Amino acid sequence: MTDLEPALLSETREGVLLLTLNRPHARNAISPEMACRLSDAFTAFAEDSALRVCILTGAGDRAFCSGGDLALTLPLMTGARKPETRWDHRVLEDPEVMNRSALRNFQLNKPIIAAINGACLAGGMETVLATDIRIAASHATFGLPEAKRALIPFAGSLVRLPRQVPYCVAMEMLLVGDSLDADSARLAGLVNYVLPLEEVLPRAWDIARKIAANGPVAVSEIKKTVLASSGRTLEEGYALEDQAKQRVMVTCDAREGPRAFMEKRRPVYEGM
């Protein structure tokens, strides 16, 4: 990578958006530029009806993302470094940039697949906790070491992690700060698959294409309802499920899917 290359690369194919964290020389640490570009990319993805699934990965083979850049982002946010670039100023002037870049407090009803190509730490892991399906390279590691530096994870992990793994696993990761290897992360339920590095991105594309071929309204309502029902009573959850059913069953796609099955052909979904 040269200084002229953006900190985030974007590619679209077959209704799938591929976002690549592009600071391999810095273990893909989150710089102010990367945070701003991620925030914009997720916003655009949410608004583009032609894009149905996102894959998030990192450049190189060492790290998916090592967290916030300790030389650029963290000092900027603590006031130890004055803003120098337009990215710096935007991070300070728009508090939602950091939230959106980590998919925190930002409603996104489209699936995101994490293709984890290496170390996944701190802010990098926090972003992964906002994804829906996760494929990890066999050498990947997962950790939230903030407490070791007298900091706390503040991009969603204190809320998300205990909902995704057993309480005692979450608390050990948060309080001790040590990392899990890929196999341990899978056993804890943090990732779906552990594969050799060269198979990670192809598997992510395979899953993304399958999801993109499904009914987009149904996919959106599934994710929306699962997230909205978290922490609610069964009765409240069922009410949300009923609302989702009502929205889905009146769509043209809900008629096209069964019809295509009966006619033994591939369905053509229009998202309505």
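Predicted model: local features only at pLDDT ≥ 70, side-chain atom pairs only at ≥ 80, totals over all residues.
Six strands build an open sheet of mixed pairing, in the order 1-2-3-5-7-10. Its edges are formed by strand 1 (8-13) and strand 10 (193-195); each has a single partner strand, so one side of each is left without a neighbour in the sheet. On average, and with direction ignored, neighbouring strands of this sheet are turned by 20° against each other.

Helix 1 (residues 32-47) packs on this sheet, where it touches strand 1, strand 2, strand 3 and strand 5 (112-116). The direction of helix 1 makes about 175° with that of strand 2.

Strand 1 and strand 2 are antiparallel and are paired over 6 bridges. Within this pairing, Leu 9 stands opposite Thr 20 of strand 2. The two strands form a hairpin with 2 residues between them, and in this hairpin Glu 14 adopts a positive phi near 55°.

On to the next pairing: strand 2 and strand 3 (residues 53-58) run parallel and are joined by 6 bridges. Leu 18 has Ile 55 in strand 3 as its bridge partner.

Thr 20 belongs to strand 2, which spans residues 16-21. Its relative accessibility is 14%, and Thr 20 is therefore counted as buried, the cut-off being under 20%.

When residues up to four places away in sequence are not counted, Thr 20 touches Ala 7, Leu 8 and Leu 9, as well as Thr 57, Gly 58 and Ala 59.

Strand 5 pairs with strand 7 in the parallel sense, over 4 bridges. Here Ala 115 stands opposite Ile 135. Strand 7 also runs parallel to strand 10, to which 3 bridges join it; the bridge partner of Ala 136 in strand 10 is Val 194.

Strand 4 and strand 6 (residues 119-121) run parallel and are joined by 2 bridges. In this pairing, Ala 63 has Ala 119 of strand 6 as its bridge partner.

## Packing of helices 6 and 7

Two packed helices are described by the angle between their axes and the distance between the axes. For helix 6 (residues 157-164) and helix 7 (residues 167-176), the axes come within 7 Å and cross at roughly 145°.

The contact brings Leu 158, Leu 161 and Pro 162 of helix 6 against Ala 170, Met 173 and Leu 174 of helix 7. By residue class, this contact comprises 6 nonpolar residues, no polar and no charged ones.

## Lys 110 in its loop

Lys 110 is located in the loop between helix 4 (96-101) and strand 5. With a relative accessibility of 14%, Lys 110 counts as buried.

Apart from neighbours within four places in sequence, Lys 110 is in contact with Phe 45, Ala 46, Asp 48, Ser 49, Leu 51, Arg 52, Asp 132 and Lys 223. Lys 110 and Cys 54 are 56 residues apart in sequence, yet their C-alpha atoms are 7.8 Å apart in space.

## Aromatic rings and charges

The structure contains 0 aromatic pairs. Arginines do, however, lie over aromatic faces. Arg 86 lies over the face of Trp 87, at 4.0 Å from the ring centre. Arg 203 is placed over the face of Tyr 193, at 4.9 Å from the ring centre.

Methods: Residues numbered from 1 in each chain as written. Heavy atoms only, no water. Buried < 20%, exposed > 50% of the residue type's maximum accessible area, 1.4 Å probe, protein only. Contact = heavy atoms within 4.5 Å. Phe/Tyr/Trp six-rings, centres within 6.5 Å; stacked < 30°, edge-to-face > 60°. Lys NZ or Arg CZ within 6 Å of the ring centre and 35° of its normal. Pairing = 2+ DSSP bridges. Axes fitted to C-alpha atoms, helices over the stretch in contact; angles between N-to-C directions. Nonpolar A, V, L, I, M, F, W, Y, C, P; charged D, E, K, R; others polar.
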